[in-house]
Each structure stands twice: as structure tokens, then as C-alpha cells.
Amino acid sequence: MALFELRMPKLGESITDATITKWLKNVGDAIDIDDPIVELATDKVDSEIPSPVEGVLKKQLFKEGDTVEVETVIAIIEMAGEDGKEAEDLPAEDSKAEEAVPVPDAPADTGDEAGEAEAAGEPERKSESGRFYSPLVRSIAQKEGISMQELDRIEGTGKNARLTKEDLLNYLKTRGEKPAAPSKAQAPAAAASASKPAAPKVYAAEGDQVVEMDRMRKLIADHMVQSLDTSAHITIISEADMTRLVRWRNKNKAILMEREGERLTFTPIFIEAIAKALREFPMVNVSVDGHNIIKRKNINVGMAAALPDGNLIVPVIKNADHKSLLGIAKEVNDLTQRARINKLKPDEIQGGTFTLTNFGTFGALMGTPIINQPQVAILGVGVIEKKPVVVETPEGDTIAIRHRMMLSLSCDHRVIDGALGGMFLKKVSENLENFDTSQSI
């Protein structure tokens, strides 16, 4: 029988590991090609991994809940045929899967200090203080419940005071006896962290129900707090007259459904207006890295979508400025439908350079959205409702009933001042108000 090593796939450009949430096949189960074997979760999206071969699941090398780095062997599949090797005959270099089985109290050694991050070709990650940590160090810290703040306080003996696996294991031996002193490289960061007030302790009263956040809600919570800690948020508000647009959509939505089988919502119209404005104001389409500004070449607009479980996900329309309104509408419908059934691919929720969130879907007039890091701006749109407003006519001012919508732009004041933010928001409003209603879709 031939043996096939199923490896943790690369789930996206910036994803270095994933958590096994559920094994869909048990040891001994028969497997057909494309049968889903395991459910994985990353900080971006959940997905199922299909089998590229036919056979029988021989071994599961990790348990549910384990976090595994990409390219690591996670299972062995026994295939029919004689052109492979028996498990006991596999040489050491072919038995990486056997070595990959995690040991709870002593994670497997992956080599010297440089090898921890580079052997698998994976990048290191930084904490908010800017300190680098290898995937192995992060994995150990996660299993032991060590926060990034606590890691920042551990003295490192590696190059440039880097924290090695040995440093962390030595620290674990004496953890709890005394708090770690700030490392030389991280003393300023540790001091800044110490000055931040701790969240108050909250106690449940009799009769209260305590419900633990699910994995995605925890990620959202951490991401939102991190965004507020990173960016200096300001919010600018305007109002747009949507009357002509509402009439155009009402006229064309039935046509598009009959001809293409596609729904025509306001979302693709908003995205088109945003993309045009970003092309005119490229300094809104940037990210901040320390004191450097990264001007993004592509205009990739994310759209916040609510999931059935109440959580949030942000699929991305890539190169939105290069697509027609019909093309955007089809992509919006496809991403929205697959988001609701958890079928998005990791690449489809990465790479956003600007985000749109629609408060109006739930009847809200407006909101003050939190920036989706590492972007520097997010646009919120409220409900479109009829209002009596003053309208200027050649015969003079008059009161008319118009469809109006509030827009709120939250932006990072480190790089976007009120003038730039105001001009950008005005341009988006103008793009909506001056929408070409003579066009067909």
C-alpha cells in the first residue's frame, strides 16, 4: 500500500497557521477524491480541506483544537497500489508526519534559532511593540496561555535580544514565582503597556448567564480593540440625495433579475462610487507602517457582511475601479451568498484597502465605524429614507420629499486630516448624487 501525506495547505498569502476545528473523517474511514477530511479555522476564514487522493485514513497526527503551521503533515492516507512504501519502511526523511505529532509539555525541536522561522519558509510575526516572534515561539505561547504582552517582558538571548524557544521554556519553569522583567529590547514598550489601565473585573450576578464568545467573535473583539489602540479615529458625516438613484434601481432591478438572475442592491453602486473617489484621492487608499506611508497600487474594497450567527466577515472586491457595475454586482452577490454558508476562500477576504459597512441594512440612520486595520478609512452608510428637504429651483426654494442617506467616514487622523477626509467624503456623495441614470445594466 502507498502512503500519502496530507499537509496543512497554504490558505492565503499572509496566513502561516490554522486551527483544526473538526475531523470529518475518522481513522479507518474510506476516502474518495475530493471528500472533505478536516475543517480548519484561521484568523481570516473557516474552510474544509478535501482529499486529493482515494484511500483509507490511516493516522490523524493532530487533535481538534491544535494550531498547526502550513506545510506540516496533519494526516496519513493509505492508498491502494504497490508503487509506494509501507509505513514501517519509510526512511527518516519520508516520515516527517511521525515527527510532527505534538507533545503537550515539550513541543518538538525544529532546530536552531534561525531554523525556527526559516526552515519552513514562513515569516515571523511582530507583536504590537514591534518585537519578532517565530512560529514555534508563538505556538508554545498559545498553548501555555502566554499573551503578547507577557512575551514582550521575557528577556531574549537570541540575536538582537530575540526570544528563542529555549528562553521561553526556561521562563515557563519559573513562571508564577516572579513577574518577568522587561527585556532590554522591549523596555519602552513594556513601560507603555504598564501605563495602560487594566479592564475592570466584571462579576456575574445570581441568575446571569455566562456565555463564552465563539472563536470568530473573539477575533473580532481583539481586532476592534487593536484598531482603536493603533489609529487616531475621527469621523466625518455628510448626507446625500439618493432620489435619482432609488428611481433608477427600482426601474432596473427587475430587468437584471429577469435577464441575468442577479439581484441589484445598492452595495455595488456604493462600491463603484467609492472606487472612483479613491482613484481621485489616492492618499485615502494607504496603510501606515510606523512613520512610513504605503500607497496601495490596487483599489480593493471590502464589504462588511453579517453572518447568520451574528458575526461579521469582510469579503473583498479586488480592483473594483477596473470593473463595470454589472461585474461588481455579480461579484457582490456571489461573495455574499458564499459568506452566509461559510464557503469563502481565504484570498477572498484578504488584501482590502478600504471598507464599506452598511448600517442601513438594519434600519440605522448612521454609525461611527471602526477602521479595519491596516487600512486607514472605512465608510458607513445609513438607511435611505424619505425626508422633507429644501430644494432650490429656478422659481425659488421649495419643500420636496426626497430620498436621503447619511454617510459617515471614520479615518486615521495620523495620515488623513479633516480636509482630505471631507473632500473624499464629498466626492463619494457627489458620485452617488450624479449617478448616470441614463445607463443600463
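How many Å³ is the volume of the second largest pocket? It comes to about 290 Å³, and one of the views below looks at that pocket. The model is predicted, so local features need pLDDT of at least 70 and side-chain atom pairs count only at pLDDT 80 or more, while totals for chains, interfaces and linings use all residues. Residues are numbered from 1 along each chain as its sequence is written, and side-chain values use heavy atoms, with hydrogens and water left out.

**View 1. The whole protein has 11 helices and 21 strands.** Helices (H or I, at least four residues) and strands (E, at least two) are DSSP runs, numbered from the N terminus. Of the 441 residues, 42% are buried (under 20% relative accessible area, using a 1.4 Å probe and protein chains only).

**View 2. Here is the lining of the second largest pocket.** A pocket is an open set of points on a 1 Å grid over the protein atoms alone, where a 1.4 Å probe fits, with protein on both sides within 12 Å along at least five of seven lines; lining residues have an atom within 4 Å of a point. Its volume is the space filled by probe spheres set on the points, which are joined across faces, edges and corners. There are 13 lining residues, and Asp-46, Ser-47, Glu-48, Asn-342 and Lys-343 are the closest to the centre. Strands E4 (36–41) and E5 (46–50) each give two or more residues to the lining, and E5 supplies the largest share, with three.

**View 3. Four strands make an open sheet in the order E1-E8-E6-E3.** The pairing is antiparallel; two strands pair if DSSP finds at least two bridges between them. E1 (2–7) and E3 (30–31) are the edge strands, each with a single partner, so one side of each has no neighbour in the sheet. E6 (residues 55–60) and E8 (residues 73–79) share four bridges, and Val-56 has Glu-78 in E8 as its bridge partner.

**View 4. Zoom in on Thr-355, which sits in strand E18 (residues 354–358).** Leaving aside neighbours within four places in sequence, the residues in contact with Thr-355 (heavy atoms within 4.5 Å) include Gly-302, Val-314 and Leu-379.

Key:
Buried means under 20% relative accessible area, exposed over 50%, partly exposed in between (1.4 Å probe, protein chains only).
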